[in-house]
Amino acid sequence: MITFKVDNLKNMNDCLKPFLEFLRSFGVTDDDVFDSRLVSCELITNVIRHLGETANFEGGVNADNIVICVSSENTDGTKVAATLPDVFAESGRGFYIVKTICSGNVFSDGCSVKVYIKRHDK
């Protein structure tokens, strides 16, 4: 498992590099690494842009899935994502992308979002 914090979008890509290498070391396909990076960027960006908070990141891999959890340090009830939008929503398109890549395996408890990305061709 890899954990880190991102407090500035300019640092996000550098912070994600060890996680992407971690995935490669487990034999995760390039397509799944790409999807994991996209999902991670969307979730981290949501926390920083919409909550003005530091994003806490946890990422791991098991036999079937890549597991990513992004949370805010904010505990005042502000939600990272209130609902999953649909394709026609005026906002929330990034979260729609996350929902699609994760085949709906997106779980939110308010200040954190945990997603499962199905691994392909292990």
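This is a predicted model: local features need pLDDT of at least 70, side-chain atom pairs count only at pLDDT 80 or more; totals for chains, interfaces and linings use all residues.

Visitor: How many helices and strands are in the chain?
Guide: Three helices and five strands. Residues are numbered from 1 along each chain as its sequence is written, and side-chain values use heavy atoms, with hydrogens and water left out.

Visitor: In what order do the strands sit in the sheet?
Guide: β1-β2-β3-β5-β4, an open sheet with antiparallel pairing.

Visitor: Why are β1 and β4 said to stand at the edges?
Guide: Each has a single partner strand, so one side of each is left without a neighbour in the sheet.

Visitor: What makes β4 and β5 a pair?
Guide: Two strands pair if DSSP finds at least two bridges between them. β4 and β5 (residues 112–118) have three, in the antiparallel sense, so by that definition they pair. Within this pair, Phe-107 stands opposite Lys-114 in β5.

Visitor: Which strands does helix α1 touch?
Guide: β1, β2 and β3, as α1 (residues 12–25) packs on the sheet. Contact here means heavy atoms within 4.5 Å. The direction of α1 makes about 170 degrees with that of β1; axes are lines fitted to C-alpha atoms, for helices over the stretch in contact, and angles run from 0 to 180 degrees between N-to-C directions.

Visitor: What makes a set of residues a nonpolar core?
Guide: They are buried Ala, Val, Leu, Ile, Met, Phe, Trp, Tyr and Cys residues joined through side-chain atoms within 4.5 Å. Buried means under 20% relative accessible area, with exposed over 50% and partly exposed in between (1.4 Å probe, protein chains only). The largest such core has 30 residues, and Leu-43 is one of those with the most contacts inside it. α2 (30–51) gives the largest share, seven residues. Leu-43 touches Ile-68, Phe-95 and Val-115, among others.

Visitor: How do you know that the buried residues of α3 line one face of the helix?
Guide: Gly-94, Phe-95 and Val-98 are buried there. Seen down the axis, the buried residues of α3 fall within an arc of 95 degrees, so they line one face. That arc is taken from the directions from the helix axis to the C-beta atoms. They pack against α2, β4 and β5.

How values were computed. Helices (H or I, at least four residues) and strands (E, at least two) are DSSP runs, numbered from the N terminus. Lists of a residue's contacts leave out its neighbours within four places in sequence.
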